[in-house]
Amino acid sequence: MTAFEVWIATLGAAFLSGFVPVVNIEAYIVGAAALVPEAPALVVVGSMMMQSVTRIDWSNYAESMPCFLVIVGIPLTYSIADGLALGFI
């Protein structure tokens, strides 16, 4: 039964994918980040992720320095992978 439901959902997604633009062309033409419709959702997700920062033991440098590098590295490099790499290194 699960396979059938996944098949139906896949058909529905394949049909509806033409109605959803993958790339917001207006943001690239105008150059305004305000035209990106995902921005409010990303702000909410980011604020929810920052709630766990209060549980970091900031007096333990072995734990806090990688966390700090990830938190600062992701927005400064515009890449989640690069920010995580800074924390791992």
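## Helix 4 and its ends

Just after helix 4, Tyr 78 takes a positive phi of about 60 degrees. At the other end, where helix 4 starts, a side-chain oxygen of Asn 60 comes to within 3.3 Å of the backbone nitrogen of Ala 62. The model is predicted: local features need pLDDT of at least 70, side-chain atom pairs count only at pLDDT 80 or more, and totals for chains, interfaces and linings use all residues. Residues are numbered from 1 along each chain as its sequence is written, and side-chain values use heavy atoms, with hydrogens and water left out.

Helix 4 has 17 residues, so at 1.5 Å a residue it should span 24 Å. The expected span is 1.5 Å times one less than the number of residues. The end C-alpha atoms of helix 4 are 23 Å apart, which agrees.

## Overall fold

The protein has five helices and zero strands. Along the sequence the pattern reads α-α-α-α-α. Helices (H or I, at least four residues) and strands (E, at least two) are DSSP runs, numbered from the N terminus. Of the 89 residues, 10% count as buried. Buried means under 20% relative accessible area, exposed over 50%, partly exposed in between (1.4 Å probe, protein chains only).

## Buried and partly exposed positions

Ser 64, Val 70 and Gly 73 are the buried residues of helix 4. Helix 5 (80-88) is included in what covers them. Ser 64 counts as buried because its relative accessibility is 2%. Leaving aside neighbours within four places in sequence, Ser 64 is in contact (heavy atoms within 4.5 Å) with Ile 56, Asp 57 and Trp 58.

Cys 67 also lies in helix 4. Its relative accessible area is 24%, so Cys 67 is partly exposed. Cys 67 and Leu 84 are 17 residues apart in sequence and 9.1 Å apart in space, C-alpha to C-alpha.

## The largest pocket

The largest pocket has a volume of about 600 Å³. Of its 15 lining residues, Gly 46, Met 49, Ile 74, Pro 75 and Ile 80 are the closest to its centre. A pocket is an open set of points on a 1 Å grid over the protein atoms alone, where a 1.4 Å probe fits, with protein on both sides within 12 Å along at least five of seven lines; lining residues have an atom within 4 Å of a point.

Helix 3 (39-49) and helix 4 (61-77) each supply at least two lining residues. By class, the lining has twelve nonpolar, three polar and no charged residues. Ala, Val, Leu, Ile, Met, Phe, Trp, Tyr, Cys and Pro count as nonpolar, Asp, Glu, Lys and Arg as charged, and the others, Gly among them, as polar.

Conventions
Grid points are joined across faces, edges and corners, and a volume is the space filled by probe spheres set on the points. A polar contact is a pair of N or O atoms within 3.5 Å; within protein, one must be able to donate a hydrogen and the other to accept it, and residues adjacent in sequence count only if both atoms are side-chain atoms.
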